[in-house]
Amino acid sequence: MMVSDAQKGLGGDPGLTGKVFDVKRYAINDGPGIRITIFLKGCNLNCAWCHNPEGISLPAERMYARSACIGCGLCLEACSNGALSLTREGIAIQPERCDRSGHCAEVCPTRATEMSGREIRRVT
Ligand code: SF4
Ligand code: SF4
């Protein structure tokens, strides 16, 4: 039996894009069987018990883990907007200066800074 794209929930637009913030292999929770779970940004449910708040906003977001930061300052050099500064508490950001370019994450040697959300296009 042929299964249409609509039945698969894929829609008919080959140019369809989505903003992915995580891909989990061997997902065995919250559903039947063993699956690959793809997490998309732009969730509009706003649940009180949300476990993935980085999935709510649609634009990519800078994520920072102080415990992994070695204070090398490479992210500060990479940010042409001057949005970052080194403080006693780690790297601080002025959100209003951030254009979400992700240059800071590209140069971070420890992945203390990462961008959450990258656009993918549907592959037919
Ligand atoms: S995402 Fe771009 S503008 Fe924002 S802090 Fe990183 S380098 Fe600077
Ligand atoms: S590039 Fe990474 S490790 Fe270096 S100061 Fe910035 S966040 Fe910390």
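Visitor: Where is the place of Cys79 in the chain, in terms of helices and strands?

Guide: This is a predicted model, in which local features need pLDDT of at least 70, side-chain atom pairs count only at pLDDT 80 or more, and totals for chains, interfaces and linings use all residues. Residues are numbered from 1 along each chain as its sequence is written, while chains are lettered from A and ligands are numbered from 1, in the order in which they are written. Helices (H or I, at least four residues) and strands (E, at least two) are DSSP runs, numbered from the N terminus. In those terms, Cys79 has its place in the loop between helix H2 (74–78) and S4.

Visitor: Is Cys79 buried or exposed?

Guide: A residue is called buried if 20 or more other C-beta atoms lie within 10 Å of its own, exposed if 12 or fewer do, and partly exposed in between, with C-beta atoms placed from the backbone. Because Cys79 has 21 other C-beta atoms within 10 Å, the class that applies to Cys79 is buried.

Visitor: Which residues does Cys79 touch, apart from those up to four places away in sequence?

Guide: Two residues are in contact if their C-beta atoms, placed from the backbone, lie within 7 Å. Leaving out residues up to four places away in sequence, Cys79 touches Leu84, His103 and Cys104.

Visitor: Which residues make up the largest nonpolar core?

Guide: A nonpolar core is a set of buried Ala, Val, Leu, Ile, Met, Phe, Trp, Tyr and Cys residues joined through C-beta atoms within 7 Å. In soluble globular proteins, nonpolar side chains tend to be buried together. Here the largest nonpolar core has 8 residues in all, namely Cys75, Cys79, Ala83, Leu84, Ile91, Cys104, Cys108 and Ala112.

Visitor: What percentage of the residues in the chain is buried?

Guide: The chain has 3 helices and 7 strands, and along the sequence these follow the pattern α-β-β-β-α-β-β-α-β-β. Of the 124 residues in the chain, the buried share is 13%.

Visitor: Which residues come nearest to ligand 1?

Guide: A residue is near a molecule or strand if its C-beta atom, placed from the backbone, lies within 6 Å of it. Ala, Val, Leu, Ile, Met, Phe, Trp, Tyr, Cys and Pro count as nonpolar, Asp, Glu, Lys and Arg as charged, and the others, Gly among them, as polar. By class, the shell around ligand 1 has 7 nonpolar, 4 polar and 3 charged residues. Out of the 14 residues around ligand 1, those that come nearest are Cys79, Cys98, Ser101, His103 and Cys104.

Visitor: And which residues are the closest to ligand 2?

Guide: The shell around ligand 2 has 9 nonpolar, 4 polar and no charged residues. There are 13 residues around ligand 2, and the closest are Cys69, Cys72, Cys75, Cys108 and Ala112.

Visitor: Which residue in S2 stands opposite Asp22?

Guide: Strand S1 (residues 17–27) pairs with S2 in the antiparallel sense over 5 bridges. In this sheet, the residue of S2 that stands opposite Asp22 is Phe39.

Visitor: How does Ile38 count: buried, exposed or partly exposed?

Guide: Ile38 lies in strand S2 (residues 35–40), and, not counting residues up to four places away in sequence, it touches Val20 and Val23. Because there are 13 C-beta neighbours inside 10 Å, Ile38 counts as partly exposed.

Visitor: Which residue in S5 is the bridge partner of Thr87?

Guide: Thr87 lies in strand S4 (residues 84–87), which a hairpin joins to S5 through 2 residues. Strand S5 (residues 90–93) runs antiparallel to S4, and 4 bridges join them. Within S5, the bridge partner of Thr87 is Gly90.

Visitor: What is the phi of Arg111, roughly?

Guide: Arg111 lies in the loop between helix H3 (103–107) and strand S6 (113–116), and it counts as exposed because it has 11 C-beta neighbours inside 10 Å. Although Arg111 is not a glycine, its phi is positive, at about 65°.

Notes
Pairing = 2+ DSSP bridges.
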